[in-house]
Amino acid sequence: MMGFMRIEIVLGDITMQRVDAIVNAANSTLLGGGGVDGAIHRAAGPSLLAECRRLRQSTLPDGLPVGHAVATRGGNLPARWVIHTVGPNIHWGQTDPALLASCFTESLRVAREVGARSVAFPAISAGVYGWAAERVAEVAAGVMRDQVATGDAADAGPTVDLVRFVLFNEPLLSAFRDAFGDLVAA
Ligand code: AR6
């Protein structure tokens with residue numbers, strides 16, 4: 001059965017979202033940082049960092065590679081899960097859009113793995129990591145177009161039925177609205 005995936009684009013703060021999972025634009029250390037990563041760690045409380053440290057001591061001793069994703073519990077957040085992913089950093093020459101696309105597809109794969117049905121994304125790599133809002137929006141829209149066409153249909157497992165992009169400012173919001181066009185319900 002083909003799952004129906006609703007896509008929303010909103011202005012807001014991802015830490016406030018009442019969804020099953022929020023995605024964190026983290027770095028490979030998983031040990032926190034600025035931007036949305038800092039905001040998520042502050043809102044989640046110390047259990048988030050503790051769980052990230054345990055991942056580093058167990059399955060991810062060298063950190064999380066660019067384009068990969070891993071889930072932790074959400075601590076004090078309204079969201080049950082935080083899915084950490086690492087976007088490509090333009091300033092380190094990481095300019096391949098496939099790396100950024102992988103952040104979105106891997107995060108959705110991990111969401112399905114933990115049984116999250118609603119997922120919120122920030123504009124991964126659009127801050128400190130230097131990608132233009134339009135490029136990030138274009139890559140995200142491309143991934144979502146593929147997901148809507150094939151994603152859940154190919155999957156016997158649980159589905160994600162809501163994907164919400166939570167943009168922190170108006171220019172980002174309009175870049176995403178433009179790139180997504182009629183993928184988003186009016
Ligand atoms: N809710 C939604 N979006 C937000 C929020 C928020 N609360 N706060 C910031 N943004 P960035 P990156 C937006 O720099 O480019 C960190 O230090 C922000 O306006 O957070 O992937 C990590 O530890 C921007 O559009 O992530 C890494 O070292 C977007 O989130 C590095 O930054 C992403 O900006 C990752 O850089």
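Does Glu 8 count as buried or exposed? At 17% relative accessibility, Glu 8 counts as buried, where buried means under 20% relative accessible area, exposed means over 50%, and partly exposed lies in between (1.4 Å probe, protein chains only).

The model is predicted, so that local features need pLDDT of at least 70 and side-chain atom pairs count only at pLDDT 80 or more, while totals for chains, interfaces and linings use all residues. Residues are numbered from 1 along each chain as its sequence is written, and side-chain values use heavy atoms, with hydrogens and water left out.

**Overall fold**

The protein chain has five helices and six strands, taken as DSSP runs (helices H or I of at least four residues, strands E of at least two) and numbered from the N terminus. In sequence order these elements give the pattern β-β-α-α-β-β-α-β-α-β-α. The chain is as compact as a globular protein of its length, because its radius of gyration of 15 Å is close to the 16 Å that the globule rule gives for 186 residues; the radius is taken over C-alpha atoms, and the rule is 2.2 Å times the number of residues to the power 0.38. Those C-alpha atoms fill a box of roughly 40 × 35 × 30 Å along the principal axes, and buried residues make up 49% of the 186 residues. Of the contacts (heavy atoms within 4.5 Å) between residues at least 6 apart in sequence, 73% join residues at least 24 apart.

**Salt bridges**

Side chains of opposite charge can pair when their charged atoms come close. The structure holds six salt bridges, each defined as a side-chain nitrogen of Lys or Arg within 4 Å of a carboxyl oxygen of Asp or Glu.

| Salt bridge | Closest N and O atoms |
|---|---|
| Arg 6 and Glu 8 | 2.9 Å |
| Glu 106 and Arg 109 | 2.8 Å |
| Glu 138 and Arg 135 | 2.8 Å |

Glu 106 and Arg 109 are three residues apart in helix H3 (residues 97–114), and are therefore separated by about one helical turn; Glu 106 is partly exposed at 22% relative accessibility, and Arg 109 is partly exposed at 38%. In helix H4 (residues 133–151), Glu 138 and Arg 135 also lie three residues apart, about one turn of the helix, with Glu 138 partly exposed at 47% and Arg 135 partly exposed at 33%.
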